[in-house]
Amino acid sequence: MSGEADVLVHVEGRSGRLVLNRPKALNALSHPMVRRIAEALTAWRDDPAVECVVISGAGERGLCAGGDIRAIHEDARTGGTASADFWRDEYRLNALIARYPKPYVALMDGIVMGGGVGISAHGDVRVVTERSRVAMPETGIGFVPDVGGTYLLSLAPGELGTHLALTGAPVGAADALLCGLADHFVPSGRLGALVADLARTPVHEAVAAHAGLAPAGELASHREWIDDCYAADTVEEIVARLLRSGVPAAKEAAVTLTAKSPTALKVTLAALRRARHLGPLERVLEQEYRVSCAALASPDLVEGIRAQVIDKDRSPRWSPADLADVRDEEVARHFAPLGPGRELAL
């Protein structure tokens with residue numbers, strides 16, 4: 001094997017293998033990891049010996065829990081530029097994966113959150129297992145779904161994507177398949193055999209030999225209230241509809257929303273609705289880059305990471321604390337042009 005210790009890179013038969021190798025940190029992505037993955041994909045793109053790419057995570061807990069948010073917290077707290085530089089390369093990697101000319105197989109076993117979704121769900125062969133927990137939980141730390149998450153969730157049936165983006169709720173295999181975040185279910189015990197077959201047989205044959213029916217999910221039975229409540233034009237009205245619906249799960253969703261950053265909720269809803277009309281992934285990533293950079297200047301990002309990750313008191317003090325106090329101008333600020341030379345420009 002070659003490459004940096006936190007990404008293992010090698011060729012196994014006909015497949016190029018990428019293994020995220022920070023199991024103690026749930027394979028959280030650092031900037032060097034993003035660069036290493038991009039370098040490998042670029043090298044393999046024109047290598048006839050590599051017919052497909054397979055990405056997985058070391059350890060038993062998951063593919064990737066997202067970006068290194070402790071580093072983002074420190075950067076936001078001190079007014080640095082490291083996060084913006086990281087996101088620039090990360091979002092470019094997301095676009096590279098989405099347009100990759102060879103089969104890109106993502107093994108979405110275990111926890112797949114935030115940046116983990118970005119390096120997997122844009123691939124064309126996305127495999128989930130009975131252990132998969134897929135989520136974009138950004139609103140809980142005062143942030144907004146990124147890495148193309150607003151693009152993916154805007155394409156989910158009905159308002160399922162709005163529900164997942166605002167609540168940050170994780171989904172299992174069947175619901176990931178329903179929402180268009182995955183393509184195939186393979187039992188976790190067969191992943192080793194799948195990887196071995198990918199090294200010697202065409203991707204579609206290897207996957208077909210191991211794929212099966214996912215255990216039943218939950219979202220399909222909740223479509224009626226989700227589609228009705230989340231179709232509202234504002235977060236305030238969404239919460240009101242959830243509370244009025246009389247459905248226990250809808251009330252639980254309302255309670256969940258009241259714990260999230262009010263600013264992040266409003267920006268997330270606006271980002272999703274805009275994403276539906278922006279066109280290809282690249283345009284949405286450009287919008288997300290603006291939103292992410294703007295969030296660095298928001299007190300909620302620093303406070304959210306502090307409460308959830310640094311101090312772990314789970315009691316963020318959002319500013320403002322109420323949805324009604326989030327001004328339209330503050331939401332609009334997140335979508336404003338960054339200026340010459342600062343845009344993502346894919």
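**Salt bridges in close-up**

**View 1. E329 and R327, two exposed residues.** Both E329 and R327 are exposed, where exposed denotes over 50% relative accessible area, buried under 20% and partly exposed the range in between (1.4 Å probe, protein chains only). The side chains of E329 and R327 form a salt bridge with an N to O distance of 3.8 Å; the term requires a side-chain nitrogen of Lys or Arg within 4 Å of a carboxyl oxygen of Asp or Glu. The structure is a predicted model, in which local features need pLDDT of at least 70 and side-chain atom pairs count only at pLDDT 80 or more, while totals for chains, interfaces and linings use all residues. Residues are numbered from 1 along each chain as its sequence is written, and side-chain values use heavy atoms, with hydrogens and water left out.

**View 2. The salt bridge between R306 and D313.** The closest N and O atoms of this pair are 2.6 Å apart. R306 counts as buried, at 13% relative accessibility, whereas D313 is partly exposed at 34%.

**View 3. The salt bridge between E51 and R14.** In this pair, the closest N and O atoms lie 2.4 Å apart. E51 belongs to the loop between α1 (31–45) and β3 (52–57) and R14 to the loop between β1 (7–12) and β2 (15–20), so the contact ties together parts 37 residues apart in sequence. Helices (H or I, at least four residues) and strands (E, at least two) are DSSP runs numbered from the N terminus. E51 is partly exposed, with 36% relative accessibility. The structure holds 23 salt bridges.
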